[in-house]
Amino acid sequence: MSGRANFGAALWAAAQPHPDRTFLIDDQRVWTYGEFFATVRRFAGALQAAGANPGDRVTVHVEKSPEAVALYVACLWAGTVHVPLNPRFTNVELEYYVNDADPRVVVTAEPTGPPPDQTRLMAERSRHWLTLQADGTGSFTELAKTARILDAPVERDDNDLAAILYTSGTTGKPKGAALSHRSLGQNAEALHQTWQFDEHDQLVHVLPIFHVHGLFVALHTAMLSAIPVRFHRSFDPERTITDFATSTVFMGVPTHYKRLSDSPALTPAACAPMRLFTSGSAPLSKTEFVRFSDRSGHQICERYGMSETGITLSNPYRGDRQPGTVGFPLAGVEAMIVDEAHREVERTTVGVVAIRSDQTMLEYWGRPDETAASFFGDRWFLTGDVGWMDAQGRVTLQGRASDMIISGGENVYPKEIEMVLDQIEGVVESAVIAIADQDLGEQVVAVLVCDGKPLTLTDLQPVLQENLARFKHPRQVFCVPELPRNAMGKVQKNQLRDRYQSVR
Ligand code: MLC
């Protein structure tokens, strides 16, 4: 264990020799690595001035911007724990996360909706509530102008926390995957090496920066080679394809690839300098793999990961990329397929994917029971994803042990939505399921039992809007006299999925 294990120091070590090299190319301005790290030092000083000590959580609920990236690296630098949240979360959701992570500092955009009970949330714990707008202004940036600059990264140990990324679960209550500096560093190095990044690369970045994918996978691999990043605040297929003409790497979720393939602008010529397209966060269908390959001349490299483990498996950089498979374990990762008793199964037998690696989270934040239930043996982590491994060790996924929905690369947990639907007057009970969706992969659908007249999506809107980010809202609602149940009383979601799959 080293006291110098701050991952921010590793990012700085890669950038330090190249202060004039371009880093973020945004609509509004271009940042060099030197300018970026000068901002990181100022922002780290502002975190300290706001009372955030090493180990304190900093909850960040802001739009994608270069300043938000600098705030993330500043959290590493100051030794604080970065807790990024989807800016689309409602105030009700934000309040839950603030209570759970118990941060010292909360950085939000200027509230637009009804304010959360900030006074109570802040007074309880003498928290600092600061703002950072999409244009980089706000009380956080103002504080950074006067705060003492933090010149060097705070010393951290391998197992000190760097970030907490929230994911949800079967209980419907989101839980935080607590990731150490070593988790982040090891995964970044493994991907950098597997995908053969070097200083000639240029990345097109369209992903949100509150998930493992956009924040860690994309930005860390780029920063370790100090390469330019074409930084898109939202996803526009045409603009993305235009940037392919001067770039080499793109990372996306299957919905991105579907929309890129839909564009007539996607041609092999438009992608001439590109060397790598990776996909993850949701299953990439063989159809989309083939369609993108036909349109662009490139085979997508599908890889597999989750917030708890980082990216653990990848199709090979050189060699056969098989559609429908997620490839082989990365350096430093062991994978096996296990049965219900956690015993390794024979090759080609289907079971649950288990992972062992120093990349894996330390724990679910503040949830010892759920942490214990996720690990077995000597630090093997149960992913909950179901699949099989071939004789060469290549993994193919088949489904999920839970009824989690993946819509456009965002995980949606039926229980969380059912808990909100069940509060609505007139709803006796609800079952939330996924049906196939051409664009999003899966679409959220609610099946309700109502005690009066059947409710429509419009009737549900006010409660949904107050409680849940828009991407979690059901796109369709069906009312039924009763939910199908088995002899044990468990709702038979398979039957519902079969019934509504073809109804549009
Ligand atoms: C947006 N909308 C969605 C949605 N995203 N609805 C369902 N599912 C989604 N994922 C809705 C908005 O609420 C809005 O609704 C409308 O679509 C248009 O909004 P938008 O902001 O313009 O959306 P768009 O740009 O089209 O976004 C689609 C998307 C985005 C696919 C680009 O969802 C996205 O960036 N997904 C990536 C998520 C991601 O990074 N996942 C990584 C998880 S990490 P309305 O009705 O108001 O118009 C992980 C580990 C790993 O899983 O291995 O990577």
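These legends describe close-up views of a predicted model.

**View 1. The largest nonpolar core.**
The largest nonpolar core holds 90 residues. Those with the most contacts inside it are F36, F37, L47, F216 and M251. Helix 3, residues 66–78, supplies the largest share of this core, with 11 residues. In general, nonpolar side chains tend to be buried together in soluble globular proteins.

**View 2. F216 and its contacts.**
F216 is one of the residues with the most contacts inside the largest core. Which residues does F216 touch, not counting residues up to four places away in sequence? They are Y72, A163, L165, L179, L184, H211 and T221.

**View 3. A second core.**
A separate core has 18 residues. Among them are I417, V427, A446 and L464.

**View 4. Strand 3, helix 3 and strand 4.**
These three elements make a right-handed β-α-β unit. Strand 3 (residues 57–61) and strand 4 run parallel, and 4 bridges join them. T59 of this view stands opposite V83 in strand 4. Strand 4 covers residues 81–84, and both of its faces are covered. V81 and V83 are buried on one side. H82 and P84 are buried on the other.

Strand 1 (residues 22–25) and strand 10 (residues 229–231) run parallel, joined by 2 bridges. I25 stands opposite R230 in strand 10.

Helix 10 spans residues 254–262 and is mostly covered, with 7 of its 9 residues buried. The buried residues are P254, T255, H256, Y257, K258, L260 and S261.

**View 5. P174 in its loop.**
P174 is found in the loop between strand 7 (161–167) and strand 8 (175–180). Is P174 buried or exposed? With a relative accessible area of 5%, P174 counts as buried, because buried means under 20%. Leaving aside neighbours within four places in sequence, P174 is in contact with Y96, Y97, Y166, T167, S168, R367 and E416. P174 and E93 are 81 residues apart in sequence. In space they are 9.6 Å apart, C-alpha to C-alpha.

**View 6. The hairpin of strands 24 and 25.**
Strand 24 and strand 25 form a hairpin, with 3 residues between them. The two strands run antiparallel and are joined by 10 bridges. Strand 25 covers residues 441–450. A431 stands opposite V447 in strand 25. Strand 24, residues 427–437, is mostly covered: 8 of its 11 residues are buried.

**View 7. Around the ligand.**
How many residues surround the ligand? There are 21, and the closest are S281, R303, S407, R470 and R475. A polar side-chain atom of R470 lies 2.6 Å from a ligand oxygen atom. An N or O atom in the side chain of R475 is 2.7 Å from a ligand nitrogen atom. G305 takes part through its backbone: an N or O atom there lies 3.2 Å from an oxygen atom of the ligand.

Conventions
Residues numbered from 1 in each chain as written. Predicted model: local features only at pLDDT ≥ 70, side-chain atom pairs only at ≥ 80, totals over all residues. Heavy atoms only, no water. Core = buried A, V, L, I, M, F, W, Y, C linked by side-chain atoms within 4.5 Å. Buried < 20%, exposed > 50% of the residue type's maximum accessible area, 1.4 Å probe, protein only. Contact = heavy atoms within 4.5 Å. Pairing = 2+ DSSP bridges. Right-handed = clockwise from strand over helix to strand, strands pointing away. Near = heavy atom within 4 Å. Polar contact = N/O pair within 3.5 Å; in protein donor to acceptor, adjacent residues only side chain to side chain.
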